[in-house]
Amino acid sequence: RDAALEFYRGALGEFYAFKDAYRNSVMHTRATYDEHQAQSAMLHVRGFMSRLSQKIAENMTKQVAWRIR
């Protein structure tokens, strides 16, 4: 459970950081990015998705036991 919480909290934190840095600005036309900034965003998403895929799969059958203490 602790390892799962650590993984999901880290993934969620990274997702929010990415969303705030890139997605909100672009989707709401508040900013534009040059080629290097766009490449950086793409590499960030690739790394994030790669980390997620190491722990999460479409055919996952084992669930985390989320026992509340």
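Modeller: Start with the charges. Glu 14 forms a salt bridge with Arg 51, and their closest N and O atoms are 2.3 Å apart. The pair links distant parts of the chain: Glu 14 sits in helix α1 (residues 2–27) and Arg 51 in helix α2, 37 residues apart. This is a predicted model, where local features need pLDDT of at least 70, side-chain atom pairs count only at pLDDT 80 or more, and totals for chains, interfaces and linings use all residues. Residues are numbered from 1 along each chain as its sequence is written, and side-chain values use heavy atoms, with hydrogens and water left out.

Colleague: What is the rule for a salt bridge, and how many does the count come to?

Modeller: A side-chain nitrogen of Lys or Arg must lie within 4 Å of a carboxyl oxygen of Asp or Glu. The count comes to one salt bridge.

Colleague: Is Arg 51 buried, exposed or partly exposed?

Modeller: Buried means under 20% relative accessible area, exposed means over 50%, and partly exposed is in between (1.4 Å probe, protein chains only). Arg 51 has a relative accessible area of 41%, so Arg 51 is partly exposed. Across the chain, buried residues make up 17% of the 69 residues.

Colleague: How many helices and strands does the chain have?

Modeller: Helices (H or I, at least four residues) and strands (E, at least two) are DSSP runs, numbered from the N terminus. The chain has two helices and zero strands.

Colleague: Which residues is Phe 7 in contact with, beyond its neighbours within four places in sequence?

Modeller: Contact means heavy atoms within 4.5 Å. Phe 7 lies in helix α1. Leaving those neighbours aside, Phe 7 is in contact with Arg 51, Leu 52, Lys 55 and Ile 56. At 19% relative accessibility, Phe 7 counts as buried.

Colleague: What lies over the face of Phe 7?

Modeller: A charge sits over a ring if NZ of Lys or CZ of Arg is within 6 Å of the ring centre and within 35 degrees of the ring normal. Here Lys 55 lies over the face of Phe 7, at 5.9 Å from the ring centre.

Colleague: How is a pair of aromatic rings described?

Modeller: By the distance of the centres and the angle of the planes. Rings of Phe, Tyr and Trp (its six-membered ring) pair if their centres lie within 6.5 Å; planes under 30 degrees apart count as stacked, over 60 as edge-to-face and the rest as tilted. The count comes to three aromatic pairs. One of them joins Phe 7 and Tyr 8: the centres are 5.1 Å apart and the planes at 70°, so this pair is edge-to-face. Ring pairs also link Phe 15, Tyr 16 and Phe 48 into a cluster.

Colleague: Is Tyr 8 buried, exposed or partly exposed?

Modeller: Tyr 8 is partly exposed, with a relative accessible area of 34%. Met 60, found in the segment after α2 (35–55), counts as partly exposed at 42% relative accessibility.
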